[in-house]
Amino acid sequence: MGEIKGIMNVNVGIDIGSTTVKIVVVRDGEIIHKHYERHFSKVREKAVELVRAARELIGEDTPLRCSITGSAGLGVAKAADIDFVQEVFATRKAVGVHVPQADVVIELGGEDAKIVFLTGQLEERMNGSCAGGTGAFIDQMAVLLDVTPSELDELSQGAERIYTIASRCGVFAKSDIQPLLNQGAAKSDISASIFQAVVDQTVAGLAQGRRIKGKVLFLGGPLYFLKALRRAFTETLKLDEEHAVFPENAPCFMSLGAALYSQNAD
């Protein structure tokens, strides 16, 4: 893509998570560039690479404003002297602009999972130090089955039954899955059970009895790329198409929020 000419007011949002870096460039409310990539623990290098690519697209002389968010973004923001915005605030900013009718946000990241209740009593529920029920958990389970996460997704399409699998901890989950493999259980059934375990961990572990209702916005890479996970959530929560919202910008939603935040940052 060639350089974009004539841009006078550009806002950039960077979301640095536990496993990925996301960047969004916004001009007058329109997304003109977005990118999502794993950083493989090379956080600063990957962030700089994405910023340079965006800068080439925008043009070296175009003024811009930038904000950083994400669980691994604070250190980079301080080192680069760039505004940092807390990730839940960034999410709420993007939701308020793009999906203002949302009642609940469910977001799954690489090692983070959160639910934000927007209507009624505003409340955020987030997982602790364990990565159970997140993208990292799905990656671990895929390795155990000797498949990629996308293959795990494909396998689950042919499932005929669901097994109970612990999702709070990968170690416990492996202790549930290994006997199933030894007994010859179908990988398709185990795959679907893994996704169901993620849903159960999110709903029971994070919601903690508070009902997830209304229009539910699903964000994050795992929920965007894995069809079986989306289906498991909608079926478990009994959501129809009107109340289950899977936005096209789901993987980059927080970086979009950071870009919107930067519009008003000094």
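**Briefing: a buried serine and the aromatic pairs**

Ser188 is buried, with a relative accessible area of 15%. The model is predicted. Five aromatic pairs are present in the structure.

**Ser188**
- Ser188 belongs to helix H7, which spans residues 187-206.
- Beyond its neighbours within four places in sequence, Ser188 touches Leu155, Ser156, Gly158 and Ala159.
- Ser188 counts as buried because its 15% relative accessible area falls under the 20% cut-off.

**Phe218 and Phe246**
- A pair of aromatic rings is described by the distance of the centres and the angle of the planes.
- Among the five aromatic pairs is that of Phe218 and Phe246, with ring centres 4.7 Å apart and planes at 15°, so this pair is stacked.
- The pair joins distant parts of the chain, 28 residues apart.
- Phe218 lies in strand S9 (residues 216-219), while Phe246 lies in the loop between strand S10 (244-245) and helix H10 (253-262).
- Phe218 is buried, at 1% relative accessibility, whereas Phe246 is partly exposed, at 31%.

**Tyr224 and Phe225**
- Tyr224 and Phe225 make an edge-to-face pair, 5.0 Å centre to centre, with 85° between the planes.
- Tyr224 is partly exposed, at 27% relative accessibility.
- Phe225 is also partly exposed, with a relative accessible area of 48%.
- Tyr36 joins Tyr224 and Phe225 in a cluster linked by ring pairs.

Key
Residues are numbered from 1 along each chain as its sequence is written. This is a predicted model: local features need pLDDT of at least 70, side-chain atom pairs count only at pLDDT 80 or more; totals for chains, interfaces and linings use all residues. Side-chain values use heavy atoms; hydrogens and water are left out. Helices (H or I, at least four residues) and strands (E, at least two) are DSSP runs, numbered from the N terminus. Buried means under 20% relative accessible area, exposed over 50%, partly exposed in between (1.4 Å probe, protein chains only). Contact means heavy atoms within 4.5 Å. Rings of Phe, Tyr and Trp (its six-membered ring) pair if their centres lie within 6.5 Å; planes under 30 degrees apart count as stacked, over 60 as edge-to-face and the rest as tilted.
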